[in-house]
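Open the model in your viewer and switch to a cartoon view. The stops below say what to select next and what is there.

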Amino acid sequence: IHQFETRNDIDLIVSGTKGANNISDELIGTITDQIVRKAHCPVLSIHESIFDFNPKTIVFASTFKETLGDNIEKVKELTQMFKADLNLVRINTVSDFESTRYSKKLMKDFVSKWNIERANMEIYDHENFESGLFYYAVDVKADLVILGNHGRKTLSHIYHGGSKSEDIVNHLKL
């Protein structure tokens, strides 16, 4: 898949997944995890059959600290293409806590830097990122959840405990 992506200048990979179903999937990762980890383009992970892909509510979760480059431009393109509402959310957890004031400043700076014309900005407090993102997505009736990925490779991936993106790919059933 990655050789094909590289050779053919692919813009998007779409991958079906059943999520992590056993200890091997949790430790090594599913095929979709591996695609997400190594891809140089966005990956759309789908948990169920979709006959009419037309997202109207898009959630983009971030710390709003990273350099996102072209990725945020792709989020903006998707939002415009589907005429969707964009929800920017910072999931505030016990292990990754920031004050509301600081988080709001980061988000406002992000919106200004990337010239995002219209977006809802929220800070959502929860015990952990995965559950917090799930509950936030349910609350806003999200059709599509978008995350960045650090692209960690094998040993780094295991040492750092995987990635939030891969956890969401495996467990968020939206």
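Start with the open sheet, in which 4 strands pair in the parallel sense in the order 5-4-3-6. At its edges stand strand 5 and strand 6 (144–146), and each has a single partner strand, so one side of each is left without a neighbour in the sheet. On average, neighbouring strands of this sheet are turned by 25° against each other, direction ignored. Keep in mind while looking that this is a predicted model.

Zoom out for a moment to the whole protein chain. It has 8 helices and 6 strands. Along the sequence they follow the pattern α-β-α-α-β-β-α-β-α-β-α-β-α-α. Of its 174 residues, 41% count as buried. Among contacts between residues at least 6 apart in sequence, 73% join residues at least 24 apart.

Select strand 3 (residues 57–61) together with strand 4. The two run parallel and are joined by 5 bridges.

Strand 4 (residues 85–92) pairs with strand 5 in the parallel sense over 6 bridges. Between them the chain passes through helix 5 (residues 100–113), and this β-α-β crossover is right-handed.

In general, strands of a sheet pair through backbone hydrogen bonds, either parallel or antiparallel.

## N87, in strand 4

Which residue of strand 5 stands opposite N87? Select N87, which lies in strand 4, and look across to N120 in strand 5, its opposite. The side chains of N87 and N120 are joined by a polar contact of 3.0 Å.

Is N87 buried or exposed? Its relative accessibility is 4%; a residue counts as buried under 20%, so N87 is buried. Show the residues around it: leaving aside neighbours within four places in sequence, N87 is in contact with T57, I58, V59, F60, N120, Y136 and V140. One of these, I58, is 29 residues away along the chain, yet the C-alpha atoms of N87 and I58 are separated by 6.0 Å.

## The helices on the sheet

Select helix 5 next. It lies across strand 3, strand 4 and strand 5, and runs at about 150° to strand 5. Helix 6 also packs on the sheet, where it touches strand 3, strand 4, strand 5 and strand 6. The direction of helix 6 makes about 150° with that of strand 4.

Stay on helix 6 (residues 129–139) and colour F129, G132, L133, Y136 and A137, which are buried. Why do these residues lie on the same side of helix 6? They do so because they cover an arc of only 130° around the axis. Y136 is also among the contacts of N87.

Look at both ends of this helix. At its start, a side-chain oxygen of N128 comes to within 3.3 Å of the backbone nitrogen of E130. Just after helix 6, K141 takes a positive phi of about 60°.

Most residues other than glycine have a negative phi. The next two stops have positive values.

Select K83, in the loop between helix 4 and strand 4. Its phi is near 50°, a positive value in a residue other than glycine. K83 has 69% relative accessibility and counts as exposed.

Move to N115, found in the loop between helix 5 and strand 5. N115 is not a glycine either, and its phi is positive at about 55°. With a relative accessible area of 54%, N115 is exposed.

For the last stop, select K76 in helix 4 (residues 70–81). Which residues does K76 touch, leaving aside its neighbours within four places in sequence? K76 is in contact with W114, N115 and I116.

Note on methods:
Residues numbered from 1 in each chain as written. Predicted model: local features only at pLDDT ≥ 70, side-chain atom pairs only at ≥ 80, totals over all residues. Heavy atoms only, no water. Pairing = 2+ DSSP bridges. Right-handed = clockwise from strand over helix to strand, strands pointing away. Contact = heavy atoms within 4.5 Å. Buried < 20%, exposed > 50% of the residue type's maximum accessible area, 1.4 Å probe, protein only. Arc of directions from axis to C-beta. Polar contact = N/O pair within 3.5 Å; in protein donor to acceptor, adjacent residues only side chain to side chain. Axes fitted to C-alpha atoms, helices over the stretch in contact; angles between N-to-C directions.
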